[in-house]
Amino acid sequence: MQDSSPKITTFFMFSGQAEEAMQFYTSVFEPSNIVSVFYQEDGSVLHAVFSLKGQTFMAIDQNHQDKHPFTPALSLFVTCDSEEEIHRVFDQLSQEGQVLMPLEASPVSQLFGWVQDKYGVSWQLNLAK
C-alpha cells in the first residue's frame, strides 16, 4: 500500500516570528489550523506544522545570527474561491507588506494579484475564469 501523505512540504524559516506568522496566516485563510508547535527552551519555535486551505506547511524560528530573507523569486500561488475571498485575502496580506501587482483581470484570470506580506513571504492570488 502506498503512503498518501505529501512527500514535499513548504518549510518556512522565520527570524523569530514563526508563531506570529502562523497565527496571522490561519486568520487569513479558511479552512486553516495550527496542527502542532514544539518550542525551544528560549520560547522560540523549534518545529511547527500548520494547514492553510488544506495544504500543510512547516515553520521554524532560525536560531542563529545569519538572516535568510524570503524573496519573490519563490511565491505561494493561491486559488481563491470567490471575488470576496480574493479581495479580503489580498487586503489582509498586503497590510504592512508590499503590493507587487495590483488585483486586476488578466488573460487567464478573472482577478489576479501578487503581494509580499509583512514577513517577506510572496503570495500570488488567483480567481480563475
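Student: Where does Glu 41 lie?

Tutor: Glu 41 sits in the loop between β2 (32-39) and β3 (45-52). Strands are DSSP runs of E with at least two residues, helices are runs of H or I with at least four, and both are numbered from the N terminus. The model is predicted, so local features need pLDDT of at least 70 and side-chain atom pairs count only at pLDDT 80 or more, while totals for chains, interfaces and linings use all residues. Residues are numbered from 1 along each chain as its sequence is written, and side-chain values use heavy atoms, with hydrogens and water left out.

Student: Why is Glu 41 called exposed?

Tutor: Its relative accessible area is 88%. Exposed means over 50%, buried means under 20%, and partly exposed is in between, with a 1.4 Å probe and protein chains only. Glu 41 is over the exposed cut-off, and therefore counts as exposed.

Student: How far apart are Glu 41 and Gln 98 in sequence and in space?

Tutor: The two are separated by 57 residues in sequence and by 34 Å in space, taken from C-alpha to C-alpha.

Student: What makes Asp 81 and Lys 53 a salt bridge?

Tutor: A salt bridge needs a side-chain nitrogen of Lys or Arg within 4 Å of a carboxyl oxygen of Asp or Glu. For Asp 81 and Lys 53 the N to O distance is 3.3 Å, so the pair qualifies. This pair links distant parts of the chain, 28 residues apart: Asp 81 is in the loop between β5 and α2 (83-94), and Lys 53 is in the loop between β3 and β4 (55-61). In general, side chains of opposite charge can pair when their charged atoms come close.

Student: How do you know that Glu 85 forms a salt bridge with Lys 53?

Tutor: The closest N and O atoms of Glu 85 and Lys 53 are 2.9 Å apart, which meets the cut-off. Here too distant parts of the chain are linked, with Glu 85 in helix α2 and Lys 53 in its loop, 32 residues apart.

Student: Are Asp 81, Lys 53 and Glu 85 buried, partly exposed or exposed?

Tutor: Asp 81 has 64% relative accessibility, so Asp 81 counts as exposed. Lys 53, at 26%, counts as partly exposed. Glu 85 has a relative accessible area of 6%, so Glu 85 is buried.

Student: How many salt bridges does a search of the whole structure find?

Tutor: The search finds three. One of them joins Glu 84 and Arg 88, with the closest N and O atoms 3.4 Å apart. Because Glu 84 and Arg 88 are four residues apart in helix α2, about one helical turn separates them. Arg 88 has a relative accessible area of 24%, so Arg 88 is partly exposed.

Student: What makes a set of residues a nonpolar core?

Tutor: The residues must be buried Ala, Val, Leu, Ile, Met, Phe, Trp, Tyr or Cys, joined through side-chain atoms within 4.5 Å. The largest such core has 30 residues, and Phe 14, Tyr 25, Leu 93 and Trp 123 have the most contacts inside it. Elements that each supply at least two residues of this core include β1, α1 (18-28), β7 (109-116) and β8 (122-128). Helix α1 gives the most, with six residues.

Student: Which residues is Phe 14 in contact with, leaving aside its neighbours within four places in sequence?

Tutor: Among them are Ala 21, Tyr 25, Ile 60, Phe 70 and Val 121. Contact means heavy atoms within 4.5 Å.
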